[in-house]
Amino acid sequence: MRLKNGKLLRELMNTKNVSNAEVGLAAGVGRTFISALVNERRTSCRPQVAEAIAKRLDVPLEVIFDPRPSAGSGQNMKASAA
């Protein structure tokens, strides 16, 4: 799933007073992965990770991520179009 905005993700984390490590633990990824999202060095992740991040921050998935499949999400777009 494609991240909408790293700054928004950071603001939500600050509002909830949670660290990169805490969000990463909840999502099953490392703190450096979350840091890469916040700083927009990464702009997408697997749907399961996105859902876990949103759940940990107690916001709807659509607030942080575009729910449409991204090119890097591991989904084969040609197969689904056939």
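Let me start with Asn20, which sits in helix H2 and touches Arg10, Met13, Arg31, Ile34, Ser35 and Val38, leaving aside residues up to four places away in sequence, where contact means heavy atoms within 4.5 Å. This is a predicted model, in which local features need pLDDT of at least 70 and side-chain atom pairs count only at pLDDT 80 or more, while totals for chains, interfaces and linings use all residues. Residues are numbered from 1 along each chain as its sequence is written, and side-chain values use heavy atoms, with hydrogens and water left out.

Is Asn20 buried or exposed? Asn20 counts as buried because its relative accessibility is 16%, and buried here means under 20% relative accessible area, with a 1.4 Å probe and protein chains only.

Staying with H2, which spans residues 20–27, its buried residues are Asn20, Val23, Gly24 and Ala27. These cover an arc of only 100 degrees around the axis, which puts them on the same side of H2; the arc is that of the directions from the helix axis to the C-beta atoms. An α-helix has 3.6 residues a turn, so residues three or four places apart point the same way. The cover over the buried residues of H2 includes helix H1 (6–16), helix H3 (31–38) and helix H4 (47–57), and just after H2, Gly28 takes a positive phi of about 75 degrees.

Now to H3, where six of the eight residues are buried, namely Phe33, Ile34, Ser35, Ala36, Leu37 and Val38. They pack against strand S1 (2–3), H1, H2 and H4.

How do H2 and H3 pack, at what angle? The angle is about 110 degrees, with the axes 7 Å apart, the axes being lines fitted to C-alpha atoms, for helices over the stretch in contact, and angles running from 0 to 180 degrees between N-to-C directions. H2 and H3 are therefore roughly perpendicular to each other, a term used for angles of 65 to 115 degrees. On the H2 side the contact is made by Asn20, Ala21, Val23 and Gly24, and on the H3 side by Arg31, Ile34, Ser35 and Val38.

Finally, in the meeting of H1 with H3, Gly6, Lys7, Leu9, Arg10 and Met13 of H1 touch Ile34, Leu37 and Val38 of H3.

Note on methods
Buried means under 20% relative accessible area, exposed over 50%, partly exposed in between (1.4 Å probe, protein chains only). Helices (H or I, at least four residues) and strands (E, at least two) are DSSP runs, numbered from the N terminus. Angles under 35 degrees count as roughly parallel, over 145 as roughly antiparallel, 65 to 115 as roughly perpendicular and the rest as oblique.
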